[in-house]
Amino acid sequence: AVTIEALQQASGQSTARQCVGQRLIIVPQDTTTLSFPTAHSLHDMGYSNALEIPALQLHSTLALREDGVPLGLLHLKIWSRDPEERGKKKTRRQRPIEQKESFKWIEGIRGARAAFGEAKPPAMLFVFDREGDVYEALAEILSTADRAVIRQEYDRRVAAQDEEECFARQRVHAQAPLGLRPIEVPRRPGRAARPAQLTLRAGSVVLNPARQRLPLALNLVEAVEENPPPGQEPLHWALWTTEPVATLDQAWRVVQLYMLRWKIEDYHRTLKSGCRVEDLRMHTAQRIARTVAIYASVAVRILQLRDLARQQPQAPCTEVLSDLEWKALFTRIHNQLPTPD
């Protein structure tokens, strides 16, 4: 009888308690598709973009410490795409943001704030990949004290200088380089990890959107790998941000903040490969979705334990377990009650 909303609300409130005392929390969001190829009997399941197989969409909002250690899930949205809704992308310009799938980014922002209830949350810095480059999401963040680093998908028009139309990336690319910074490009399927050298440029712009939208004042950091190894695609990131970018160190910090977004990719892999949620065999999409909501919290906890073990291998288990939890775990593993010291 439990609902997904109740599960995600409890998870968000628990994460909010973990955030107490943090000066700043990093809040990455992202979406993944969960496919269930053997679940063709689930008539209430939606579809996957790429394949005609049953699938659910999962949009997660994580909370990280500044060093990247996960604190938990602040918000979770699970839904399925109705096959009857296919083709609506053609009419997206005529529909309000609330009727678009991209509204999930704003729901994640609002859900992260709502998790703290009446308590004052720490400073929050949202990190999105290119899919999150949505004007309404940028405006939502700028309307509050929240901060953001969002990878650019759309090279938007900026306020004209000397009556000449210009785009944001063009404006920033014309700036003198701030300097170079080394980076380790992580391994991905079909691509080995490798070192890279990034040239950084940055500048401040005022977006000049069409359709009676209000201008938005943002900073933009461009990070370019100008001499990639032979056969390798060069890195090229353009990052919208509310953070200061006047110096090389400030621009580099923006890039480092964006790289924390990769933590959500680890979370997706843990959920799929570790928790194996795509192997679930419930009889309805709603039951699968409820189970996914539980496993999502488990996946974040696994990442938290992994990262803390790497950073503090000698720390006591009470750093992450309550007194009752560690005693129950000890009893389960050793088949006896722990003896008092």
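Which residues does Gln8 touch, not counting residues up to four places away in sequence? The points below take up this matter together with the overall form of the model.

1. Basis of the note. The structure is a predicted model, in which local features need pLDDT of at least 70 and side-chain atom pairs count only at pLDDT 80 or more, while totals for chains, interfaces and linings use all residues. Residues are numbered from 1 along each chain as its sequence is written, and side-chain values use heavy atoms, with hydrogens and water left out.

2. Gln8. This residue is found in helix α1; helices (H or I, at least four residues) and strands (E, at least two) are DSSP runs, numbered from the N terminus. Gln8 touches Leu74, His75 and Leu76 once residues up to four places away in sequence are set aside, contact being defined as heavy atoms within 4.5 Å. Gln8 counts as buried because its relative accessibility is 19%, where buried means under 20% relative accessible area, exposed over 50%, and partly exposed in between (1.4 Å probe, protein chains only).

3. Overall form. The protein has eight helices and twelve strands. Its radius of gyration is 22 Å, close to the 20 Å that the globule rule gives for 341 residues, so the protein is as compact as a globular protein of that length. The radius is taken over C-alpha atoms, and the rule is 2.2 Å times the number of residues to the power 0.38. Along the principal axes, the C-alpha atoms fill a box of roughly 75 × 55 × 50 Å.

4. Burial, contacts and surface. Of the 341 residues, 45% count as buried. Among contacts between residues at least 6 apart in sequence, 60% join residues at least 24 apart. The protein exposes about 18700 Å², of which carbon and sulfur atoms supply 51%; accessible areas come from the Shrake-Rupley method with a 1.4 Å probe, and for residues only the protein chains shown count as cover.

5. The second largest pocket. On a 1 Å grid over the protein atoms alone, a pocket is an open set of points where a 1.4 Å probe fits, with protein on both sides within 12 Å along at least five of seven lines; lining residues have an atom within 4 Å of a point. About 520 Å³ of space lies in this pocket, the volume being the space filled by probe spheres set on the points, which are joined across faces, edges and corners. Its lining has 20 residues, with Ser14, Gln18, Leu71, Arg301 and Gln304 nearest the centre. The elements that give two or more residues to this lining are α1 (4-18), β4 (70-79) and α7 (285-311); α7 gives the most, with six residues.

6. Gln304. This pocket-lining residue has its place in helix α7. Gln304 counts as buried, since its relative accessibility is 10%. Leaving aside neighbours within four places in sequence, Gln304 is in contact with Val69, Pro70, Leu71 and Val320. Gln304 and Trp326 are 22 residues apart in sequence and 16 Å apart in space, C-alpha to C-alpha.

7. Backbone points to check. Most residues other than glycine have a negative phi. Arg276, although not a glycine, has a positive phi of about 55°; Arg276 is found in the loop between α6 (262-274) and α7 and is exposed, with a relative accessible area of 52%. Asn335 also has a positive phi, near 55°. Asn335 lies in the segment after α8 (323-334) and counts as exposed at 71% relative accessibility.
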